[in-house]
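Dear colleague,

Please find below the structure that I am handing over to you. My notes on its sheets and aromatic rings follow it.

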Amino acid sequence: MTDDSRSGFVTFVGRPNVGKSTLTNALVGEKVAITSDKPQTTRRAIRGILNRPAGQLVIVDTPGIHKPRTLLGERLNSLVEQVLGDVDVIGFCVPATEKVGPGDRRIAESLDGYPRAKKVAIVTKTDAASRDQIGERLLEVDGLREDWAAVIPLSALTREQLGVLTDELLALMPVGPQLYPDDVVTDESTEDRVAEIIREAALEGVRDELPHSIAVTIEDMAPREDSDLTDIYANIIVERDSQKAIIIGHKGSRLADVGKRARAQIEPLVGTRVFLSLRVRVAKEWQRDPKQLGRLGF
């Protein structure tokens, strides 16, 4: 890196499901955050690292800001606030396909509380919107604040304008050395990434309140002796017996499907074939229980 190289932290904020994790993965060029059409999929501050000749971006993927209904929800919002206080740039995301609403306005106004960070407005999902929709969104978003350093429409899916965003974010970062080695794409442990992949597979196809009730823990993960297999024993945690039945499915068919989908993503990550053992456990009302939240890492 040169003497005028830049490095720093950026986070994307917005309502749940505006495409923050998809954008993070697209910028990093590798899947570091799970994605789902379910709100509040992201539950931790996940760092993805992007290296360019001009410098290094550390992208902190956070949960969507929402009105909390549980202790977990409150802790996720607190996590977002903590991250916002530490980053150099905040990217405010609004999907091109939806009109700016009260939730967006509330989040945009709340950025007043973080004067140190520069602010960039990002209109996401332009691949799914018409030109007129994109134009409307740009005007709406531009009017939310007077201090946007830039307003950028883009599509993480088609990668349109991703380079423009990268250049803009790097230009806004402070001059300084890179914070992570060149070959690091995330500071997430392999076990944490495996747990998230399993949770993503479990989220597929579930409805209503169940997505919020799913958590995953890794009991054990180790290479098998005298074999090219990695053994992984994991628990899928739900809050009620009825939810356990849904996750398992008829004669275990749904749980087997979850395992198959998860294994397909875990094997490239760990670099070996994987034996994956999944057990479904009930931890009643864990989202509201401080002790259980602590055990689950929240």
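Helix 9 (residues 253–270) lies across strand 7, strand 8 and strand 9 and runs at about 135° to strand 9. Contact here means heavy atoms within 4.5 Å; axes are lines fitted to C-alpha atoms, for helices over the stretch in contact, and angles run from 0 to 180 degrees between N-to-C directions. Helices (H or I, at least four residues) and strands (E, at least two) are DSSP runs numbered from the N terminus.

The model is a predicted one, in which local features need pLDDT of at least 70 and side-chain atom pairs count only at pLDDT 80 or more, while totals for chains, interfaces and linings use all residues. Residues are numbered from 1 along each chain as its sequence is written, and side-chain values use heavy atoms, with hydrogens and water left out.

Helix 6 (residues 190–203) also lies across strand 7, strand 8 and strand 9, at about 130° to strand 7. These 3 strands form an open sheet in the order 7-8-9, with mixed pairing; two strands pair if DSSP finds at least two bridges between them. Its edge strands are strand 7 (215–223) and strand 9 (273–282).

Strand 4 (residues 89–95) and strand 5 (residues 118–124) pair in the parallel sense over 7 bridges, and Phe-92 stands opposite Ala-121 in strand 5.

How many aromatic pairs does the structure hold? There are 2. Rings of Phe, Tyr and Trp (its six-membered ring) pair if their centres lie within 6.5 Å; planes under 30 degrees apart count as stacked, over 60 as edge-to-face and the rest as tilted. Phe-92 and Trp-148 are stacked, at 5.7 Å centre to centre and 15° between the planes. Phe-92 is in strand 4 and Trp-148 in strand 6, 56 residues apart. Phe-92 is buried, with a relative accessible area of 0% (buried means under 20%, exposed over 50%, partly exposed in between, with a 1.4 Å probe and protein chains only). The rings of Tyr-233 and Phe-275 have their centres 5.9 Å apart and their planes at 65°, so this pair is edge-to-face.
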